[in-house]
Amino acid sequence: MKTANVLIIAEHDHQHISSATRKVVTAATSLQHFSSELSIHIVVVGFQCERVAQQAAELSDVDKVLLVDDVCYQHGLAENVSKVIKDLASNYSHIFMSSSTSGKDLLPRVSAMLCIDQLSDVMEFTSLDSVVRPIYAGNATVEVKSCEAVIVATIRGASFELCGLSEQHAEQEIVKISHPLTRTRFVSMQKSNHERPDLTAARVVVAGGRGVASKDGFLLIEQLADTLHGAVGASRAAVDAGFVPNDYQVGQTGKIIAPELYIAVGISGAIQHVAGIKDAKVIVAINSDPNASIFSYADYGLVGDLFELVPELTSKCK
């Protein structure tokens with residue numbers, strides 16, 4: 001393998017770098033145990049996003065920030081952003097991005113363009129080319145060694161802490177690469193308008209499941225979350241029933257989170273849901289069924305009617 005150089009693809013909204021990217025930096029830094037000459041670069045692809053590049057340069061252990069700024073990248077679509085990464089790939093031994101929706105969209109395209117296998121949901125590095133990742137919906141982990149020339153991997157944010165900030169800012173370089181869209185046309189974007197913390201970065205998450213019974217029932221979940229200054233999550237059953245939007249979904253097919261406190265309300269505890277919360281520091285379950293699977297994973301449990309217990313808990317927390 002060539003000298004270890006890591007390229008991290010920044011996630012951002014053209015104004016702020018995401019907390020997920022800061023966790024990827026921590027993951028990349030862990031490779032320094034295996035190579036003292038490791039160099040970490042971040043690439044920011046977008047339009048009028050100099051502010052994001054400056055924020056990236058302030059992150060600890062980052063050696064260089066590459067800014068690819070062009071109007072053709074203003075919507076951050078994977079079709080042309082992946083071509084930028086392909087153009088830069090020859091200079092790097094590792095290419096990382098968070099295991100977010102964006103990462104799952106972009107990196108498989110990059111690995112296909114490079115004709116190499118991707119490593120997904122990396123939880124730990126055991127060498128420069130060996131990782132630990134989950135299998136069987138998180139019920140087991142496996143150590144995998146890659147024989148590829150370039151390690152392309154999505155990083156499981158729940159397994160790493162946020163990187164710090166540094167007083168010595170990294171070098172910034174403007175890179176001119178333009179790949180206008182060819183087969184994709186941006187139509188529109190719909191954003192969730194709420195003032196709660198981002199689900200993947202929140203210290204406290206209150207989630208509801210099928211037991212909440214309705215959209216109106218979810219108001220109890222939101223009130224408790226707001227009282228605790230937390231985010232709102234949901235099981236797949238609640239999302240499929242239309243109680244909340246699908247960006248609230250937590251689990252194997254939703255978001256993988258690791259809050260300090262996770263409160264599961266009316267959630268049975270299907271293994272697909274547990275796969276998304278098992279890294280939470282403290283899990284509290286509220287369910288009327290004392291035999292619900294969620295109690296097997298909970299640190300604390302309340303058996304009873306959620307429509308009585310949640311308002312009482314909210315009142316006491318206030």
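Which strands does H8 lie across, and at about what angle does H8 run to E14? Point 4 has the answer.

1. A word on ground rules. This is a predicted model, where local features need pLDDT of at least 70, side-chain atom pairs count only at pLDDT 80 or more, and totals for chains, interfaces and linings use all residues. Residues are numbered from 1 along each chain as its sequence is written, and side-chain values use heavy atoms, with hydrogens and water left out.

2. The sheet. Five strands form an open sheet with parallel pairing, in the order E12-E11-E13-E14-E15 (strands, E, of at least two residues and helices, H or I, of at least four are DSSP runs numbered from the N terminus; two strands pair if DSSP finds at least two bridges between them). At the edges stand E12 (231–234) and E15 (300–303), each with a single partner strand, so one side of each has no neighbour in the sheet. On average, neighbouring strands are turned by 15° against each other, direction ignored.

3. E11 (residues 204–208) runs parallel to E12, joined by 4 bridges, and valine 205 stands opposite alanine 231 in E12. H5 packs on the sheet, touching E11, E12 and E13 (261–265), and its direction makes about 145° with that of E12 (contact means heavy atoms within 4.5 Å; axes are lines fitted to C-alpha atoms, for helices over the stretch in contact, and angles run from 0 to 180 degrees between N-to-C directions).

4. The other helix. H8 lies across E13, E14 (282–287) and E15, at about 135° to E14.

5. Helix against helix. H5 (residues 218–227) and H8 (residues 306–317) pack at about 20°, with axes 9 Å apart. That angle makes H5 roughly parallel to H8 (the term covers angles under 35 degrees). Leu220, Gln223, Leu224 and Thr227 in H5 meet a set of H8 residues including Phe307, Val310 and Leu313.

6. A residue to look at. Alanine 153 is found in strand E9 (residues 151–155) and is buried, with a relative accessible area of 0% (buried means under 20%, with a 1.4 Å probe and protein chains only). Not counting residues up to four places away in sequence, alanine 153 touches Ile95, Phe96, Met97, Leu107, Leu119 and Val122.

Terms used:
Buried means under 20% relative accessible area, exposed over 50%, partly exposed in between (1.4 Å probe, protein chains only). Angles under 35 degrees count as roughly parallel, over 145 as roughly antiparallel, 65 to 115 as roughly perpendicular and the rest as oblique.
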